[in-house]
Amino acid sequence: MKLITDKMIGDIADSLGLRFLPEKKQGEVLTGVLGIISKKAGIRIVEKFSEEEAKEFNQIPKDDLEKMEEFMIAKNSDAEEIFKEEAEKVKEELLNAKVKK
């Protein structure tokens with residue numbers, strides 16, 4: 001993926017201390033966090049689409065993430081920045097979350 005970079009993944013893993021988890025658990029947590037980032041950023045991007053762009057985007061198969069990503073980049077020049085912003089927000093939310101007992 002172009003919108004979620006290796007640098008972004010490494011920063012999240014380091015900031016959240018995921019490297020201290022077993023590899024399988026690390027992958028599970030990263031997958032969940034990246035899913036949240038993708039959904040939040042995707043919503044922000046799709047909300048800015050015209051009606052025609054939204055129809056075109058909705059015709060892309062849901063499992064074709066690469067094509068969805070390419071479309072978002074082509075239709076919104078801020079797509080990469082939006083993903084970076086959402087990654088930072090989610091990371092901060094997780095770091096500042098209080099553990100409930």
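The model described here is predicted, and in it Asn 96 and Asp 63, which are 33 residues apart in sequence, stand 33 Å apart in space, C-alpha to C-alpha.

**Overall layout**

The protein has five helices and zero strands, and read along the sequence these give the pattern α-α-α-α-α. Taken along the principal axes, the C-alpha atoms fill a box of roughly 45 × 25 × 25 Å.

**Helix H2**

Helix H2 covers residues 23-46, and at 1.5 Å a residue its 24 residues should span 34 Å, which agrees with the 33 Å between its end C-alpha atoms. Which residues of H2 are buried? They are Gln 26, Leu 30, Val 33, Leu 34, Ile 37, Ala 41, Gly 42 and Ile 45. An α-helix has 3.6 residues a turn, so residues three or four places apart point the same way. The buried residues of H2 pack against helix H1 (6-15), H4 and helix H5 (79-96).

Gln 26, which lies in helix H2, has 16% relative accessibility and therefore counts as buried, since the cut-off is under 20%. Apart from its neighbours within four places in sequence, Gln 26 is in contact with Leu 18, Arg 19 and Leu 21.

**Two helix pairs**

Two packed helices are described by the angle between their axes and the distance between the axes. The table sets out these values for two pairs.

| Helix pair | Angle between axes | Distance between axes |
|---|---|---|
| H1 and H2 | about 120° | 11 Å |
| H3 and H4 | about 165° | 10 Å |

For H1 and H2, the angle of about 120° means that the two helices are oblique to each other, and H1 passes H2 in a right-handed crossing. At this crossing Ile 9, Ile 12 and Ala 13 in H1 meet Leu 30, Val 33, Leu 34 and Ile 37 in H2; by class, the contact has seven nonpolar, no polar and no charged residues. Leu 30, Val 33, Leu 34 and Ile 37 are also among the buried residues of H2.

Helix H3 (residues 51-58) and helix H4 (residues 65-75) pack at an angle of about 165°, and because angles over 145 degrees count as roughly antiparallel, H3 is roughly antiparallel to H4. The crossing of H3 and H4 is right-handed. On the H3 side the contact is made by Glu 53, Glu 56 and Phe 57, and on the H4 side by Met 68, Phe 71, Met 72 and Lys 75. How many nonpolar, polar and charged residues does the contact of H3 with H4 have? By class there are four nonpolar, no polar and three charged residues.

**A further position in helix H5**

Glu 92 is found in helix H5 and is partly exposed, with a relative accessible area of 35%. Although Glu 92 and Leu 16 are 76 residues apart in sequence, their C-alpha atoms are 9.5 Å apart in space.

Conventions: Residues are numbered from 1 along each chain as its sequence is written. This is a predicted model: local features need pLDDT of at least 70, side-chain atom pairs count only at pLDDT 80 or more; totals for chains, interfaces and linings use all residues. Side-chain values use heavy atoms; hydrogens and water are left out. Axes are lines fitted to C-alpha atoms, for helices over the stretch in contact, and angles run from 0 to 180 degrees between N-to-C directions. Helices (H or I, at least four residues) and strands (E, at least two) are DSSP runs, numbered from the N terminus. Angles under 35 degrees count as roughly parallel, over 145 as roughly antiparallel, 65 to 115 as roughly perpendicular and the rest as oblique. A crossing is left-handed if the near helix is turned anticlockwise from the far one by less than a right angle, and right-handed if clockwise. Contact means heavy atoms within 4.5 Å. Ala, Val, Leu, Ile, Met, Phe, Trp, Tyr, Cys and Pro count as nonpolar, Asp, Glu, Lys and Arg as charged, and the others, Gly among them, as polar. The expected span of a helix is 1.5 Å times one less than its number of residues. Buried means under 20% relative accessible area, exposed over 50%, partly exposed in between (1.4 Å probe, protein chains only).
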